[in-house]
Amino acid sequence: TLLEAPDLPEKTRELLEKNVDLKTNDVTEIEEMLKEMKEFIKNRTKQVIETTEGVYKEKCYKILKCCITLLKSLVEDKNYSEKFIFQTLVTTLSYLLTLQDFDISVQNQACQLCEKYMKLTGRGSSDNNEIGVCTLNFLLELTLGKKSDKPVTKTEIKRAWDMKGFIISLRILNPVLENTKNLLLECVTSLPYLSIREGRLHIASILSKDVTLVKPIQEMIRQHLPAITKHQAASYGDVYFNAWNMAKADVQQEIEECCIQDLMERVFTINRHGLEMGKVGVRILAILSSLHSSRRLHKFSDKITELYAPLMWRYLRSDNPLVRCNAAQIFLDVFPLEKPYGGVVVNSEFLKKQLKEMQDLLLDDCHLVRTIGVKGVCRHLCHSIDCLTVVDVKQLLQIITEKLASDGSSFQVRVAVFEGLEIMMSKPHSASLVASILPHMHLHIHDENERVRKAFVKLLLKLREKSEEVNLYYWEAVPLNHLIARLCEENAVVGEELVKLLMSDVYIKGQSVDRTIKHLVKIININPRGVKKLFKYSKNVLKPVEAYEIIVTILGILRKALKEKVGNENTTTPQNARSSRKKLKKVLEDISNSGTHIQNDGSSSSPTDDQTEERLIDNHKNVAALISGAATLWVIFSTELQNKKYQDALYNLAHVFIPSFLLHFKNTLVYYAVINFASLIPINILAPVSTVAGACISELKETTEKTPEDVLKCLIFSLCAWNRGHEVIDLAMEWLNYGFRLHDLSDSIVPVRKTRRTRKVRFKPNVGKPFLAIRLLDCLLDNYLNERRLITKSYNCLYELYKFLDRIKILLEKRFSRGAPFDDLLTDEVLYGCYKRYLLLPSCLHRPQQAPDSASFIAETGESPDAINASKESVEHLTWVTGSLMEHLPQRNLYQDKDEDDVDVEENQFIIKCLLLFLAMANMTIRLNLADVIFAKAVAFFAITILGTDWKEHFLEKSIETAVFLAEHAQTYTPNDEWNLFKIVLPSLLSKILDIITFVKFTSQNIAAYMNDYKQMKLSLFKCLTIIERYSGSDGVYFKDAYNFYMSSCIEMIVKKILEENMFIPYTKLEEHPVMVTTIMKFFIKKGGPITDNILISLNEHITLNKQEGIQLLGCLSLLYTLAHCAHKILKRDQFEDCIHNAYACIKNFNNPDKSNLSIQDSNVFTEPSEMIDIYENGDKIIKQLCKHIGCAPKKF
């Protein structure tokens, strides 16, 4: 390519054409060629810069590359490279590195030539060397991603590190090298540099170069920490260590004080969130942890101990528990601190001091410190046990296992204990310690907290892995009956871990069927639900083929046992079931024989086998549990078992299994287990061999009030699975209709379709069973799967049920007009059940358009089912409730004694329950987003209406739910408050709710009488406020108004208590105030953010608002006094002072005998009018006490 250049100098052309190896030419000739090349390169570079033609540019770039390649072949020969002309050529090429918009490949080759030249000649050792500066700048820009969008490679960073000698020689503070200095500082926060060792050494060399650079670099690192990961942050520990190791004494000291100790100071006092440090804290700890692990040099280890000395012991004894948490985490990471030059005695005493600190951490008052301490100590018992004596280990383990494992103050401590013991299982010496203590801790498997139980089970899983090493099996540590009992009570979180623990000992692929059954029966004998729960959580433990084999094993062995028992006398087996027996026999033989060569315990062919099977088949509890377990396993792996290979085999097995077992176990526990199992098989598969569906219907007809709920659920679920749930509805309607006929409301007088389909339940009861009908409907529709199946397949039947139940409104009107329950079958319980189902159905049937099975319904009846709109139906029903039902709610005599009032409540309990039921269903409609804004507003005003009745306290809980659901609805669907939900509706309802809270005297003893779930009620009450705060902002008028409602309610309750007691007593604890004041103020204090910040602002506004109302002013002061004693560290001091000053200004107005004495007669209906409260005297006294407590300047008062 070079020879093709027309302007190539003659001497160069001659030498290139003469001989390919230039080194064989005369030195003088080479020098002449280099002189020509210098000018040639300059001209070509100039042409590249000036031309705009792309093709010509590319040609020039190729020529320049050839020139550089030519020079590379000469640079290693000192006969040429040490000539001045060669240096000038390299200097010319280094100029290319400074050009912008120049071909990066040409620049990269030129840079490589410059690097090679500097390395071989030893030149470029001074900071005014142009070649070195240009080369370094180019490499830095390349590795910082300024030259190319391509990812930076490790090789490029290594090239930059190879220039360390030149970097060391640079006088970096020279103003001429400002650009180089800035590029070097950019490397400090470059992730590619942090990711490889050479990059970290490069950053370390920059940090150690000059004492004036240490502080700026440390500030850069601090600002960069939030943007990097924990692993990347740990790389800075390596940087600090290498920089300290490279640096001179003055720079070393600066690194120690401004970098390492700076991080130490920050991490001790940094904010944290409970057990976890904040994002920055985690990264600083990662840096320090890296430094801790770099204590290989005695000098550096001694320096780390020296730097921690003034900080560690002070912060470990801090009054702030969160600071102690930080200190504990750091101490347990750096342990053991060493004094390499102190000698054996000094180090021994120093270690004892640290072990004493360890024990103190385990016994700290703060549960967070204890939690951190447990994990850290266990980690050191695992990894640093060599530096501990036997006595030390015993003392630490005794605290952990005897005290902290049973720590009742916090579940987190107990979790940490078992997580720590799990860490100890990773090393043989510490694992043996755990094995020696674990059998004495087996009762912790029943800990009340789920996370503790999970941690304990994971410890047992670790023990199972190490069983051979420690000579202890998990069932020796925790008896099997405890494990099974726990499994039966667990949900998926702990249950799945228990199944991982147990399953490998219950079933392994290839084991004999007898062994499998034996293990399962053992579990059943401990707890009949054990096998079902074992299989329920086995999805992530078993493979589909293993699940299939277990199902076939259970059913096959049971069928074999039954066949042996009846002595082959079952001649009633249908003919078409025989063909499946051959397939079934082969399946069972394959499974049985597959394990013979793996494990032969001598039981597969022994005579006792038949006896065992016969005993098994006679134990109905065991048989039912095994069948239920097989059904559960089939459900869990239903998708996988749809594989034709598995499905056909299971269906063939069911053909012969189900009929024989239904026949033999009629009216036993096994019978219902078989029905449940049969529900997994399509009815068209079962129909040729069994009439099980008809049998279920027949049994439903014969049910009584004594029939167990589980039996009803089993029968109904199975019928729904076979798409015959509509027959259950027909039966329930027949039973209800009998009761309705007694009140002239039979099906015959309700408009029905002329072409109504023929009922399949051919049964006209002589005596109705309305109560049982309600039980049937509850079992049917309270199950989600049943409801979905009916909606999909029998929507029209549900629609008919809804229309059928519409007459409940007439019955309720009759019942309330009568004033007493009916004397017949339609008890209040039946009416309530009908009304509940009637209210629930619109949400279930909600279909604004055509119903899902309308085509089949039209074909069957000739009519189209009406579309159901839940909101429209609910609005119509609300109209009926307000127009009819509310009229029957009687007034209440508020002045009668308690016994008479209790009688009134009992007599009117049914109408209250009905109104509450309607409000609950209306809330559900809003929550499910089935309500429009019109209905939402109507429900809000209905809630306000019933809160205005004499029975208001009974409706409080549901009305609070209404407020929450309205707030959520408004936030989501009317973001601009187009329907004034936030502006008018919600404030009105919230104000009414808080008025009721103020009016009713709630106590810890009576609150359960009005609240079904007090905890949830509290959450709902405050959720309204948080939603309003999110919607309008902390400065929004809606939020401030709502906040003032809560504050006014608290003050009114305090005032009410003052008036009842006829005296003013300030309290230091919130718990001494009325229970709802305590509840509201505790939430305000703990919530944080605007809700906490506004406490004193709102209270100050109420002080001003009530400046003319003496008793209200005392109520404000009472609350202020309590807050000053229980929340002075949380609330702002200046706000306390503002409240105190304002209150004093208001109290001064009452320094008058005529104004100061408040007559109780005008304010309190509970006391005699003889006593008076002196507003000024009480107010002045409490303000002085507040001043003393807060520390206000006396001169202001």
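A nonpolar core is a set of buried Ala, Val, Leu, Ile, Met, Phe, Trp, Tyr and Cys residues joined through side-chain atoms within 4.5 Å, where buried stands for under 20% relative accessible area, exposed for over 50% and partly exposed for what falls in between (1.4 Å probe, protein chains only). The model examined here is a predicted one, in which local features need pLDDT of at least 70 and side-chain atom pairs count only at pLDDT 80 or more, while totals for chains, interfaces and linings use all residues. Residues are numbered from 1 along each chain as its sequence is written, and side-chain values use heavy atoms, with hydrogens and water left out.

In soluble globular proteins, nonpolar side chains tend to be buried together. Here, the largest nonpolar core holds 398 residues, and the members touching the most others are Leu558, Phe661, Tyr835 and Met1081. Setting aside residues up to four places away in sequence, Met1081 touches Met1047, Cys1050, Leu1070, Ile1095, Leu1119 and Leu1123 (contact means heavy atoms within 4.5 Å).

Phe661 turns up again in an aromatic cluster, together with Trp634, Tyr651, Phe657, Phe665 and Phe677. Rings of Phe, Tyr and Trp (its six-membered ring) pair if their centres lie within 6.5 Å; planes under 30 degrees apart are called stacked, over 60 edge-to-face, and the rest tilted. That rule gives 30 aromatic pairs. Take Phe918 and Phe942: their ring centres are 5.4 Å apart and their planes meet at 85°, so this pair is edge-to-face. Because Phe918 sits in helix H49 (residues 909-927) and Phe942 in helix H50 (residues 933-947), the pair ties together parts that are 24 residues apart in sequence. Helices here are DSSP runs (H or I, at least four residues), numbered from the N terminus. Both Phe918 and Phe942 are buried.

Rings also meet charges. A charge sits over a ring if NZ of Lys or CZ of Arg is within 6 Å of the ring centre and within 35 degrees of the ring normal. Lys339 does this over the face of Phe350, at 4.5 Å from the ring centre, and Lys353 does it over Trp313, at 4.4 Å.

Lys466 tells another story. It is placed in the loop between helix H24 (450-465) and helix H25 (467-470). Lys466 is buried but has no salt bridge, and the nearest side chain of opposite charge, Glu469, is 4.2 Å away. A salt bridge needs a side-chain nitrogen of Lys or Arg within 4 Å of a carboxyl oxygen of Asp or Glu; Lys and Arg count as positive, Asp and Glu as negative, and His and the chain ends are not counted. Beyond residues up to four places away in sequence, Lys466 touches Met425 and Ser426.

Next comes the backbone. Most residues other than glycine have a negative phi, and most peptide bonds are trans. Phe335 and Pro336, however, are joined by a cis peptide bond, with omega about 0°, and Pro336 lies in the loop between helix H18 (321-334) and helix H19 (343-362). Asn723 is not a glycine, yet its phi is positive, about 60°; this residue is in the loop between helix H39 (709-721) and helix H40 (725-741). Asn929 also has a positive phi, near 60°, and lies in the loop between H49 and H50.

Finally, Ile157 belongs to helix H8 (residues 154-161) and is buried, with a relative accessible area of 2%. Ile157 and Gly199 are 42 residues apart in sequence, yet 6.1 Å apart in space, C-alpha to C-alpha.

Conventions: Helices (H or I, at least four residues) and strands (E, at least two) are DSSP runs, numbered from the N terminus.
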